[in-house]
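My entries follow in the order in which I made them.

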Amino acid sequence: APQVLEHTPTKPCPVCNEPLSGQCAVFNGREMHKLCFKCAGGCGKGLAGKSNVVNVQGKAFCDLCAVK
């Protein structure tokens with residue numbers, strides 16, 4: 001399952017470009033805000049702390065969108 005970390009602001013979130021702070025999710029070696037970590041498959045479900053995250057070519061999908 002993806003990690004959730006406490007983060008001190010240093011670098012920008014790769015999704016929203018705002019500085020990382022508070023709790024962040026880590027996926028595919030990239031840190032991002034927990035609220036920015038969503039399914040890339042179109043459903044838009046938040047994936048932070050979920051165990052059903054599927055890596056498809058470096059993008060995060062929920063298990064339902066990954067099989068579409």
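**Glutamate 31.** I looked for a side-chain partner of glutamate 31 and found lysine 11, with a polar contact of 3.4 Å between the two side chains. I count a polar contact as a pair of N or O atoms within 3.5 Å; within protein, one must be able to donate a hydrogen and the other to accept it, and residues adjacent in sequence count only if both atoms are side-chain atoms. Glutamate 31 sits in strand β3, residues 30–33. Its relative accessible area is 18%, so glutamate 31 is buried (buried is under 20%, exposed over 50%, partly exposed in between, with a 1.4 Å probe and protein chains only).

**Source.** This is a predicted model, in which local features need pLDDT of at least 70 and side-chain atom pairs count only at pLDDT 80 or more, while totals for chains, interfaces and linings use all residues. Residues are numbered from 1 along each chain as its sequence is written, and side-chain values use heavy atoms, with hydrogens and water left out.

**Overall layout.** I noted 1 helix and 5 strands, in the order β-β-β-β-β-α along the sequence. Helices (H or I, at least four residues) and strands (E, at least two) are DSSP runs, numbered from the N terminus. Of the 68 residues, 29% count as buried. I also checked contacts (heavy atoms within 4.5 Å): among those between residues at least 6 apart in sequence, 17% join residues at least 24 apart.

**Core.** Which residues touch the most other members of the largest nonpolar core? In this set of 15 residues, they are Phe27, Met32, Phe37, Cys39, Leu47, Val53 and Ala60. Strands β2 (22–27) and β5 (59–62) are the elements that give two or more residues to this core. A nonpolar core here is a set of buried Ala, Val, Leu, Ile, Met, Phe, Trp, Tyr and Cys residues joined through side-chain atoms within 4.5 Å. Leaving aside neighbours within four places in sequence, I listed the contacts of methionine 32; among them are Cys13, Leu20, Phe27 and Phe37.

**Aromatic pair.** I found 1 aromatic pair in the structure. The ring centres of phenylalanine 27 and phenylalanine 37 are 5.5 Å apart with planes at 35°, so I logged the pair as tilted. Rings of Phe, Tyr and Trp (its six-membered ring) pair if their centres lie within 6.5 Å; planes under 30 degrees apart are stacked, over 60 edge-to-face, and the rest tilted. Phenylalanine 27 is in strand β2 and phenylalanine 37 in the loop between β3 and β4, so the pair ties together parts 10 residues apart in sequence.

**Alanine 48.** I placed alanine 48 in the loop between β3 and β4. At 22% relative accessible area, alanine 48 is partly exposed. Not counting residues up to four places away in sequence, alanine 48 touches Ala25, Lys34 and Phe37. Its C-alpha atom is 8.5 Å from that of valine 26, 22 residues apart along the chain.

**Valine 56.** Strand β4 (residues 53–56) holds valine 56. I read a relative accessible area of 32%, so valine 56 is partly exposed. Beyond its neighbours within four places in sequence, valine 56 contacts Phe61 and Ala66.
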